[in-house]
Amino acid sequence: MLGLYLQAAIKKAKPFSLADAQSLQRAPVLWENLLPNNKRYQKYCELVGWTQSDTLHPLYWQARSLPLQLKLITGAHSPFAMLGLIHLSNRVTDYTECRPDIPCELIVRFGQIFQHRRGYAFEVVVTASQRGIPVYSAVGTYLARMPHSATGLADWLEDETAIPEEGSELTPLSASGALIRRYARISGDYNPIHLSQLTAKLFGFKRAIAHGMWTAACVISDLQQSQRLAGQKIEVLFKRPLFLPGKANAVVEQTAGNEHTFAVMADGRANEKSVYLIGRLTD
C-alpha cells in the first residue's frame, strides 16, 4: 500500500468541467470482498479501546475501506490528486447489523462534488453488505486544493456544529508514532504523513500526524461505554491535525433531545484554534 501512496503522490490534478464532475457519480464503482479476519479486528479494537464483543465498532469498515478509496481517488476517472488532499468529514448512517465474522462486500464510489473556496470538496460513498443484506453506509468528504475549472457546482457548506462548552470529560487521548504505525498496518492507511517525521515533511507537515479516523474511533469507543450506541448516526468534522507524539482531551455534551456533541481538543479553553475534531450522534 505504501507504494500505491507514493504513486498517487505524483499524480497531478487535471482540469474538469461541470459535466465531468457530474459524470463521476456514474463512473464505475470499486468492489472488494473482505473475508473474516477476527485477529485483525481484535487488534483494531485494542488500538481504539473498543470493549464491546457483541457489537462491531461503527468505524471499522470505514477504516478497512481506505485502500479501496485510495484506488478510486487515484483511478483514471478521477481528476483529483492525492497530494495535499484534506479529510473534511465523515458520517456513518448504518452499521447496526455489521458482523466481523462473516464476509463483507465493500463498494466505494464517488458521491456529490461541491465547489469549495480552496478547490473542490468531493464525497466518497462506502456501502457494505453481508450475505446480500445491506449492513453499512458511510460518506467521507475530502478537499482537493486546486484551481477552479468547473462552474455551476453547488457550494460546500461547512457544518456549524458548536463546540461543547460544558461537556463531560472523556478519556484523554495519547498518540505515539509507534501506536499510529500499528494503526496504519491494521487499517491499511499507509499515507506517508502518518508514518514518520521524514515522510510527513515530504508532504508539507512539520511532523507526522495521527489518523483522524483513529482519533474519532477512540472517542466513539469511549462514548459506547456510557451511551450504548444503537444505530445513531455518527458525524465527525476534522478541524486540524494532531501531531505526533501528541495528547488531547475529549468531551461530550448532550444537546437537543437525544443528540450528543463531542470534541477532541488541546489543553485549555475550547476554541476553533485548539480543536482537532468535532462530532455528533443523532437518531
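Mentor: This is a predicted model. Start with K71, which is placed in helix α5, residues 66-73.

Trainee: Why does K71 count as partly exposed?

Mentor: The relative accessibility of K71 is 46%. Buried means under 20% and exposed means over 50%, with partly exposed in between. The value of 46% falls between these cut-offs, so K71 counts as partly exposed.

Trainee: How far apart are the C-alpha atoms of K71 and V108?

Mentor: They are separated by 9.6 Å, and the two residues are 37 residues apart along the chain.

Trainee: What makes E123 and R91 a salt bridge?

Mentor: Their side chains meet with N to O at 3.7 Å. The rule asks for a Lys or Arg side-chain nitrogen within 4 Å of a carboxyl oxygen of Asp or Glu. The distance of 3.7 Å is within 4 Å, so the pair counts as a salt bridge. E123 lies in strand β4 (residues 119-130) and R91 in strand β2 (residues 86-94), so the pair ties together parts that are 32 residues apart in sequence.

Trainee: Which of these two residues is buried, and which is partly exposed?

Mentor: E123 is buried, with a relative accessible area of 8%. R91 is partly exposed, at 32%.

Trainee: How many salt bridges are there by this rule?

Mentor: The count comes to three salt bridges. One of them joins R99 and D101, whose closest N and O atoms are 2.7 Å apart. Another joins R280 and E235, with the closest N and O atoms 3.3 Å apart. R280 lies in strand β11 (residues 275-282) and E235 in strand β8 (residues 233-238), so this pair ties together parts that are 45 residues apart in sequence.

Trainee: Why does E235 count as buried?

Mentor: The relative accessibility of E235 is 19%. Buried means under 20%, so E235 counts as buried. R280, at 22%, counts as partly exposed.

Trainee: How many aromatic pairs does the structure hold?

Mentor: The structure holds nine aromatic pairs. One of them is Y44 with Y60, whose ring centres are 5.1 Å apart and whose planes stand at 65°.

Trainee: Which residues of helix α3 are buried?

Mentor: In α3, residues 38-48, the buried residues are Y41, Y44, C45, L47 and V48.

Trainee: How do you know that they are on the same side of α3?

Mentor: They cover an arc of only 165° around the axis, which puts them on the same side of α3. K39 and E46, on the other side, are exposed.

Trainee: What makes K206 lie over the face of F243?

Mentor: K206 is at 5.0 Å from the ring centre of F243. The distance cut-off is 6 Å, and the charge must also be within 35 degrees of the ring normal. The 5.0 Å is within the distance cut-off, and K206 is listed as lying over the face.

How values were computed. Residues numbered from 1 in each chain as written. Predicted model: local features only at pLDDT ≥ 70, side-chain atom pairs only at ≥ 80, totals over all residues. Heavy atoms only, no water. Buried < 20%, exposed > 50% of the residue type's maximum accessible area, 1.4 Å probe, protein only. Helix = DSSP H or I, 4+ residues; strand = E, 2+ residues; numbered from the N terminus. Arc of directions from axis to C-beta. Phe/Tyr/Trp six-rings, centres within 6.5 Å; stacked < 30°, edge-to-face > 60°.
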